[in-house]
Amino acid sequence: GSDDVPLGLADETKPSPRPEVKHTPRPIHSEEEAVLRIQNMFRGWKARKRVRGIAKTVYEKLYDDESARDYYWNKTTGEAQWSKPKTLYWEDAPMAPPDTAKPSPRVHSKPKRLVSHTPRIVQDPEDAAEFIQCMFRGWAARRVAYAKMLFVYDKLLDDESGMFYYFNNRIGEAEWVKPLPHVLFGDNDLPLAQPDAAKPSPREVEEAAAAASTEAAAEATPAEAPKTDDEAAIRIQCMYRCWVARERVFQVAQTVYEKLYDDEHDQYYYFNNHEEAAQWHKPKFLGSRDLSLGLPDASKPSPRTALVVAKRTPRMPESPEEAALIIQCMYRCWVARERVFQVAQTVYEKLYDDEHDQYYYFNNHEEAAQWHKPKFLGSR
């Protein structure tokens with residue numbers, strides 16, 4: 001569906017999963033090298049200028065009166081988007097007059113589905129008894145699950161952050177998020193346990209991991225400077241061969257993979273033409289580079305549509321009482337999904353990365369970002 005976590009405001013303290021790449025300028029050792037660099041810079045500037053000129057002929061900038069926002073219309077694909085295309089760089093597309101044949105992304109979005117619940121009307125004492133029995137069974141099942149969780153989880157307090165966390169005694173891991181929201185929903189929670197140094201919080205685990213990586217980096221021996229011209233030449237040759245190898249891998253990846261866009265999930269995905277398989281995450285061997293966006297193709301579905309859904313034989317009720325029980329189970333499942341979605345709205349925020357032109361999800365409890373939508377949101 002079109003349901004999703006509401007888009008939060010831009011926040012520098014909640015960075016996207018995009019890694020920060022710092023560029024170190026290469027020193028110039030001769031006049032010939034300086035000339036070559038100036039030529040490369042001029043060619044790059046000329047290429048960007050041509051790309052901007054082409055982008056201005058492809059895109060039009062329009063205004064949506066209802067949302068009071070500008071949007072961009074692609075004449076080639078017939079699609080609209082709120083964000084400015086990267087190919088325009090710092091320039092902008094020309095402003096076009098309003099045109100109903102070029103609707104904004106707001107018009108393309110699907111309306112939210114409103115679900116209303118009609119309370120069950122009890123017809124006779126037997127019907128009322130079955131209704132009470134079902135309620136009691138649900139309450140008893142939640143009590144059993146709660147009793148089991150008391151042996152698995154401990155609720156502890158992190159003094160430095162002032163936040164509660166939950167420690168799983170079986171796997172020895174801690175998490176900020178309350179486990180199993182369908183059991184511990186609302187004010188129902190685990191009792192607070194005594195402080196235990198053997199059960200660190202997620203913050204302490206992250207600090208210990210950061211300290212260990214810092215120590216490992218400090219102990220690492222830096223590469224020694226070449227002592228002779230021959231050794232320097234060999235090192236440069238190795239670096240050049242590595243660069244050539246990466247370029248070849250990237251060229252092969254361009255023939256194997258395609259970067260496509262899933263409109264319903266509002267997310268990019270990668271399709272492997274050899275294996276005919278799709279994935280949300282970018283292939284690791286691409287490194288910090290990325291593929292160009294391909295045209296939509298119904299024969300190359302996203303991971304969402306590629307999932308194989310098992311066919312389920314519907315259960316045929318043999319009596320009105322059995323039909324009532326099936327409807328009750330369906331309603332309880334719907335209520336559970338609604339509660340999980342409400343909890344997700346308090347934990348996750350949907351934000352936008354301007355540079356990658358992609359949405360991402362930020363977990364406020366774990367302070368971690370991810371590109372893919374959390375699985376428990378389902379189609380919402």
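Which residues of helix α7 are buried? They are Glu322, Ala324, Ile326, Gln328, Val335, Phe341, Ala344 and Val347. Before I go on, please note that this is a predicted model.

The cover over these buried residues of α7 includes helix α3, residues 125-152, together with the strands β10 (348-353) and β11 (358-363). As for the length of the helix, α7 comprises the 28 residues 320-347, which should span 40 Å at 1.5 Å a residue. The C-alpha atoms at its ends are 41 Å apart, in agreement with that expectation.

I turn now to the sheet. Three strands make up an open sheet, in the order β7-β8-β9, with antiparallel pairing. Strands β7 (257-262) and β9 (277-279) are at the edges and have a single partner strand each, so one side of each lacks a neighbour in the sheet. From one strand to the next, the twist averages 30 degrees.

Let us take the two pairings in turn. Between β7 and β8 there are six bridges, in the antiparallel sense. One of the contacts to look for is at tyrosine 257, whose bridge partner in β8 is asparagine 272. These two strands form a hairpin with four residues between them, and in the turn aspartate 266 has a positive phi of about 55 degrees.

Helix α5, residues 229-256, lies across β7 and β8 and runs at about 55 degrees to β7. There is also a charge to note in this region: lysine 259 lies over the face of tyrosine 268, at 4.6 Å from the ring centre.

My last topic is the aromatic residues. How many aromatic pairs does a search of the whole structure find? The search finds eight. Among them is the edge-to-face pair of tyrosine 71 and tryptophan 82, with 6.2 Å from centre to centre and 80 degrees between the planes. Tyrosine 71 belongs to strand β2 (69-74), whereas tryptophan 82 is in the loop between β3 (79-81) and α2 (105-108), so the pair ties together parts eleven residues apart in sequence.

The two partners can also be described by their accessibility. Tyrosine 71 is buried, at a relative accessible area of 4%, and tryptophan 82 is partly exposed, at 21%. The cut-off matters for the second value, because buried means under 20% relative accessible area. Finally, arginine 69 lies over the face of tryptophan 82, at 4.1 Å from the ring centre.

Thank you for your attention.

Methods:
Residues are numbered from 1 along each chain as its sequence is written. This is a predicted model: local features need pLDDT of at least 70, side-chain atom pairs count only at pLDDT 80 or more; totals for chains, interfaces and linings use all residues. Side-chain values use heavy atoms; hydrogens and water are left out. Two strands pair if DSSP finds at least two bridges between them. Axes are lines fitted to C-alpha atoms, for helices over the stretch in contact, and angles run from 0 to 180 degrees between N-to-C directions. Contact means heavy atoms within 4.5 Å. The expected span of a helix is 1.5 Å times one less than its number of residues. Buried means under 20% relative accessible area, exposed over 50%, partly exposed in between (1.4 Å probe, protein chains only). Rings of Phe, Tyr and Trp (its six-membered ring) pair if their centres lie within 6.5 Å; planes under 30 degrees apart count as stacked, over 60 as edge-to-face and the rest as tilted. A charge sits over a ring if NZ of Lys or CZ of Arg is within 6 Å of the ring centre and within 35 degrees of the ring normal.
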